[in-house]
Amino acid sequence: SGGMIQRLIFERELDNPVPRLVVCAEPWWGLDLHYQAVLVERLRALAKAGATVLVLSSDLHEAIMCCDQLTVIRHGRAVAHQSGPDYDQPLLARAMVHTPEVAS
């Protein structure tokens, strides 16, 4: 299945050697809930160990669960930025879909 292939790729790429930079685009697609949680913990552990972890996601809920900082980029511009853990979810959601700039 696609989820199994994705898990194998994550395991291979996150271990050999341990990366200093990780860029994940839509990392939760195709993964079951258990492995999503495993992946979040793995990414957090890498960040704690000093790696830079960049997650590109269109899923606000998943991004909030995983990330210490969120930046909404629309049409090539950063339109909102917040640091967790107390994100203003309605503001971030509006920033994702509205055309006017949203102050952060």
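**Salt bridges and a surface patch**

Q: Is E11 buried, partly exposed or exposed?
A: Keep in mind that this is a predicted model. The relative accessibility of E11 is 33%. Partly exposed covers the range between under 20% for buried and over 50% for exposed, so E11 counts as partly exposed.

Q: Which residues do the salt bridges that share partners join into one network?
A: Start with R42 and E11, whose side chains meet in a salt bridge at 3.9 Å, N to O. R42 lies in helix α2 and E11 in helix α1, so this pair ties together parts that are 31 residues apart in sequence. The side chain of R42 also meets that of D15 in a salt bridge, at 2.5 Å, N to O. Bridges with shared partners therefore make one network out of E11, D15 and R42.

Q: How many residues apart in sequence are the parts that R42 and D15 tie together?
A: The side chains of R42 and D15 form a salt bridge. R42 sits in helix α2 and D15 in helix α1, so the parts they tie together are apart in sequence by 27 residues.

Q: Where in the chain does D68, the salt-bridge partner of R44, lie?
A: The side chains of D68 and R44 meet at 3.5 Å, N to O. This pair links distant parts of the chain, 24 residues apart, with R44 in helix α2 and D68 in the loop between α3 (60-66) and β3 (69-74).

Q: Is D68 buried or exposed?
A: D68 has a relative accessibility of 53%. Exposed means over 50%, so D68 counts as exposed.

Q: Which strands each supply at least two residues of the nonpolar patch?
A: The patch on the surface is formed by L21, V23, L54 and L56, with about 370 Å² of accessible area together. L21, for one, lies in strand β1, and at 56% relative accessibility it counts as exposed. The strands that each supply at least two patch residues are β1 (21-25) and β2 (52-56).

Q: What share of the accessible surface of the protein chain belongs to carbon and sulfur atoms?
A: Buried residues make up 35% of the 104 residues. The accessible surface comes to about 6,900 Å², and the share belonging to carbon and sulfur atoms is 58%.

Notes. Residues numbered from 1 in each chain as written. Predicted model: local features only at pLDDT ≥ 70, side-chain atom pairs only at ≥ 80, totals over all residues. Heavy atoms only, no water. Patch = residues over 30% accessible without salt bridge, like charges linked within 9 Å, V, L, I, M, F, W, Y side chains within 5 Å. Areas by Shrake-Rupley, 256 points an atom, 1.4 Å probe, with all protein chains shown as cover. Salt bridge = Lys/Arg side-chain N within 4 Å of Asp/Glu carboxyl O. Helix = DSSP H or I, 4+ residues; strand = E, 2+ residues; numbered from the N terminus. Buried < 20%, exposed > 50% of the residue type's maximum accessible area, 1.4 Å probe, protein only.
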